[in-house]
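Here are some exercises to work through with the viewer open. Try each task on your own before you read the solution under it.

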Amino acid sequence: MIDTPHKIDSFFIFNSNFGPKEGDELKRILFFYPNQINTDVRKTQVGLCEAIVRFMTTFSSEPCEALQTQSKRYIFFQPEKNFWMVLVIRIPYATKLSGDSKDVVEPSIMQDFMVSSYKTFRMFVGLFKDIPPEDTYGICEQFFNPYITSIDVSNDLSNIIQGINYLPLEKNSFFKVICFIDLLQVNYPQFKCISFVYNDQLIWNGLCKDDMLTLYQYLVHSLLPKQVEKEIQGGAVTAAERHGRFISPPEGIHSDEDLKKLNKVYLRREDDNETKQYYLVIYRTLSATVSFTVDVDTHVDFATFRALDTFIGPQLSTIASSIGEQCTIHALQNAQIASPDHKFLYFNKLNLAFKTSTPSNCMTPSAAVKPEVLNIIAEIHQDHKSLGKYGEIIIKTPDEYWITGKSSNDREFYVVMQKNANLKEIADEVKRICEMQMKGIFFYPM
Amino acid sequence: MAKFCLNHSDKYYISLSDQPKRFDADSPVTNVFFDDNNGQVFTVRSGGVTGVTVNGLDDSKCTSFRMEDKGPIISIKFSPDHKVLAIQRNIDAQIPAVEFYNFQDLIPTNVEYSHSCKWKNAKILGFVWPRVNEIAFITDHGIELLQVLPEKKQLKTLKSISFSGAWYSWCAQSNIVLLAGNNGALLQPFSLHGSNISKLQKLELDSSRPVVERDVFVLRICDASWCAIFRHGSPTASTPGPTEVCLIPITGGNGIQHVLKTGLVGRFAVSVIDNLLIIHHQSSQTSQLFDILEETKCENNVAIHLPIVQGMSMKPALVDGQECPMYSGNWVVFQPDYIIDARLGCLWTVNLIHSGLAHNVPRDEISKIVGVLLRRKDGKDTIYSILNQLITQADVYLVELSRVFDEINSVYRKWADAEVARNTAGQVVEKAGNTFPVLISQADMCSRVLQTHADDKYLVQVVTAYLASLSLQNMVVQHPVAELCVRTLVTRGASARLRSLVRRGCLGEEQLLACQLLSLGHFDPAAAQLALDMMWRLKAFEEIVEVLLSWNEPVSAVGAAKQTGVWTTLAPRKLLAAAHHYAQETNTPTTFLAVYHALLARNERVRGSSHFVKGEQCDVYIEYYKQMMADS
């Protein structure tokens, strides 16, 4: 686990233009975590970062990315012009022998965390620059404080790369899903279905790639866990839940009043070429969750939502239970395959599909994979040059871990094995795993 | 619920033929007879003295002649080849007999003879011509099948079979005679085939409910022979309920009885067109359609049917420029599809107006109507019209459209399975044209339906519904459909849908499709990724190498070639050119060296020498290599 309070030293957002005069330094700080830090320390921290960032512009037109000191690592991210987000991570002060650096958090993972926090912010709130400066402080406080304390990044294969877990669905079931979506959109043209998620796996996506990832992460990491908890607390699934309900806004939609609580989001739909503001409506039955967008200038009334509920409810529960049956069959088949002695990670850059040998919702933590190994994979993934578009890399750690990374046809595949073997044996073994896992796709790295 | 109405469709689904065959109307001096075998009307004036006119739908078989009046005629019929005319008269003769007149080119030859039946005290109920030169006398003692020898003016008994019957019904299409015995409680069918009479399984009816002649018909529907019995009212209830028609199989029909619920009471008549049963009801002036092939629940081998569309009258017909009375009391209906108005002197056939079936259909029955049309010979055009209209209004009819697609594809699937079975069995079975009168292939669907909707708002949804239906029937998507889908989805901004369909194999696997996807690569890289995957599954390894070369990935191309086994056959010049280009562009001379060395090793292995041969035209690159080596 990345122990948030202990590892994250601080996290802040600043814009130097907000308080250009001396004495106004505090105005530049839009958000600062942790809260209890006094203003002087805040000023010093931000001042340092401001200076570094400005100083670096003399050397490169690219914005500064990171700064490492003996005890801290600073990660910079400039999402919009002059807005800087900085994440400061503590690193063990006394560096002992090499190989004992397992506590170091790979910067790329933290960078990803920061980027996705910004994207979530942008989805729900919008661009920093569009917010009136005087409101920014409050909004940031409201958004980032819960966000940062809720993050739960465990040391797992599944957290190395930010991707989407797709549900492999047999084609007739898939057709059922899209025909349902089509029918819904034809009958309720103001509602556009943007995602269909089963459990935590994506089946249908109507957003552009980037926004999909953000919405998916919001659903899977934030909204759905809360819902599932609610469902479990509620005991047996009540009849109302079987027929489905609106889960965004979280209390459901039961009257005209509730419509005012609808979330507004900024998203770009797949068939659009610009980001627009929409209402986000999310509906859930059994384990299926469907998200819709509605144009913000559409007049919404409760009657439409009630009609939509009666329309979706029964159909979605039929579809959900048939998908459920299929998943059960699938799970039974997979259960028969003995758990292998290797771990793999698959990532498709083009649709962000992501798969690991240990499913993310698996209860047994994959403690077997050392953080160090994870960091190596993260590094390979981050460093585009080492693999290239078509390439292969094999790394051996001193404690007999073999890490293989392959890339081909815009896909990446990593295998981790711990065994005493030679390079050739490992290469052959990995080739065999590749053939097994990559059936039916073109995957031929050099 | 709003009903579906096919644009420009006829309100009526049954009409009489445009031009009735006219004949002299029935009058005190004129008698009219109808021969349902040949479909001919005989008008006999003054017993034939002032002339007999024969009119039929086939003009070449119409004629007129005179003959002697030897007494009132009961029945008059030509043999199937029109060379012998047989007449049965109502004379109080001791011995029942039938007269024969030989004809040549439809003109009487004055050769006459007569033949009496073998049972001297029997009453001849009628006679039929089962085939050329064969006649069957149907009597109350049984059936006698005779061979007619016109040259010898003789008849020879071929076979006779005894049965005590009061009346009979004849079906010319199946050559089956049904004799009613035991006061209408026992119906015995006989088949007249191959100069033989064979007794078929008798139909025993409830003896408390005997049937009368006008309620029994022998019909030929769907390659099976049926005895249709009108059952009026219920036997138990004191008040008579609506009439049902029972279809009891005589031959074929898989032993399933069909019961047609008319919901009406009164006088009925029956016609058969294209395996559809039409029940005409006089008092309500409606004609109901029944399709015994429709899927319906079947209990104890009894299938219950309702009219496929709401009862409707026939389209009003014109005679002499005036509307003639329809469902008139003067009408006589003969099977399969003749209607005669003896008073007006008209002979019509009954026709089906296919578009009329879709004139007023409840939404959830649209697919059923398409199912009915799929079983009709000329149903195709109406199906296209229905489809086109549904697609235009896809916002309203998307669900119905999917069902119609399912209906069409399930028929196609059954046909395809039957074809496979036929071919694998290696037998020469007749083509299954009768069972599958309408087949709408994927190519038809594209050219006649989908392509005409290029600008429709909901084409993406329509195309998806069609693919879903193909997938449901487990049919391989053919290229025209796949191509149209790709085009539609891409132009409508549904590339993600396209990709997820391709990923799940919903568009089939074909090289042409892969190329199409590849060409989308410049604005949708994910499509190109899938294209490469598909080529790999299709084992199009050389094409993969070409693609990688065109993407400026020479080293990967070599790698892929080595692993897929096409390495030894690749032209070295092409590879070197690509490597050279890449090396220069990215300033990585090692790329060129890697490819060059790989080729040298290949030459060594293939030819035993690492040199390039003259025909490979690699001189430029050999020079370039030397130069590089010299530089370093």
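The exercises below use a predicted model, and each one comes with a worked solution.

**Exercise 1. Get your bearings in chain A**

Task: Find out how many helices and strands chain A has, how it divides into domains, and what share of its residues is buried.

Solution: 
- Start with the elements: chain A holds 13 helices and 16 strands.
- Next, the domains. The assignment for chain A lists domain 1 (4–153), domain 2 (171–334) and domain 3 (342–437).
- Now see where two of them touch: seven residues of domain 1 of chain A contact nine residues of domain 2 of chain A. The domain 1 side of that contact is made of two nonpolar, three polar and two charged residues.
- On burial, 36% of the 446 residues in chain A are buried.
- Finally, look at sequence separation. If you take contacts in chain A between residues at least 6 apart in sequence, 62% of them join residues at least 24 apart.

**Exercise 2. Check the confidence**

Task: Work out which stretches of chain A have a pLDDT below 50.

Solution: 
- Begin with the overall picture: the average pLDDT of chain A is 80, and 87% of the residues score at least 70.
- Then go to residues 1–5 of chain A, where the pLDDT is below 50; this stretch makes seven contacts in the model beyond near neighbours in sequence.
- Residues 95–102 of chain A are also below 50, with five contacts beyond near neighbours in sequence.

**Exercise 3. Describe the chain B face that touches chain A**

Task: Say which element gives the largest share of the side of chain B that touches chain A.

Solution: 
- Count both sides: 34 residues of chain B contact 23 residues of chain A.
- List the contributors. Elements giving two or more residues to the chain B side are α3 (394–425), α5 (459–472), α7 (495–503), α9 (525–537) and α11 (554–564) of chain B.
- Pick the top one: α9(B) supplies the largest share, eight residues.
- Sort the chain B side by type, and you get 18 nonpolar, ten polar and six charged residues.

**Exercise 4. Look around α7(B)**

Solution: 
- Among the buried ones are Arg497(B), Arg499(B) and Arg503(B), along with Leu498(B) and Leu501(B).
- Just past the helix, Gly505(B) has a positive phi of about 70°.

**Exercise 5. Trace the strands around β18(B)**

Task: Find which strands pair with β18(B) and in which sense.

Solution: 
- Take β17 (residues 176–181) of chain B to begin with. Six bridges tie it to β18 (residues 186–193) of chain B, antiparallel. Val177(B) has Phe190(B) as its bridge partner.
- Four residues separate β17(B) and β18(B) in their hairpin, and Asn182(B) in the turn has a positive phi of about 50°.
- Move on to β19 (residues 196–199) of chain B, joined antiparallel to β18(B) by four bridges. Here Ser191(B) partners Ser198(B).
- That hairpin has two residues between its strands, and Gly194(B) takes a positive phi near 55°.
- Finish with β20 (residues 203–204) of chain B, antiparallel to β18(B) over two bridges. Leu186(B) pairs with Glu204(B).

**Exercise 6. Spot the backbone exceptions**

Solution: 
- Pro34(A) sits in the loop between β2 (29–33) and α3 (39–56) of chain A.
- Leu352(A), not a glycine, has a positive phi of about 60°.
- With 13 other C-beta atoms within 10 Å, Gln617(B) is partly exposed.

Notes: Residues numbered from 1 in each chain as written. Chains lettered and ligands numbered in written order. Predicted model: local features only at pLDDT ≥ 70, side-chain atom pairs only at ≥ 80, totals over all residues. Contact = placed C-beta atoms within 7 Å. Nonpolar A, V, L, I, M, F, W, Y, C, P; charged D, E, K, R; others polar. Domains from an automatic or database assignment. Buried ≥ 20, exposed ≤ 12 C-beta atoms within 10 Å, placed from the backbone. Pairing = 2+ DSSP bridges. pLDDT = per-residue confidence, 0-100.
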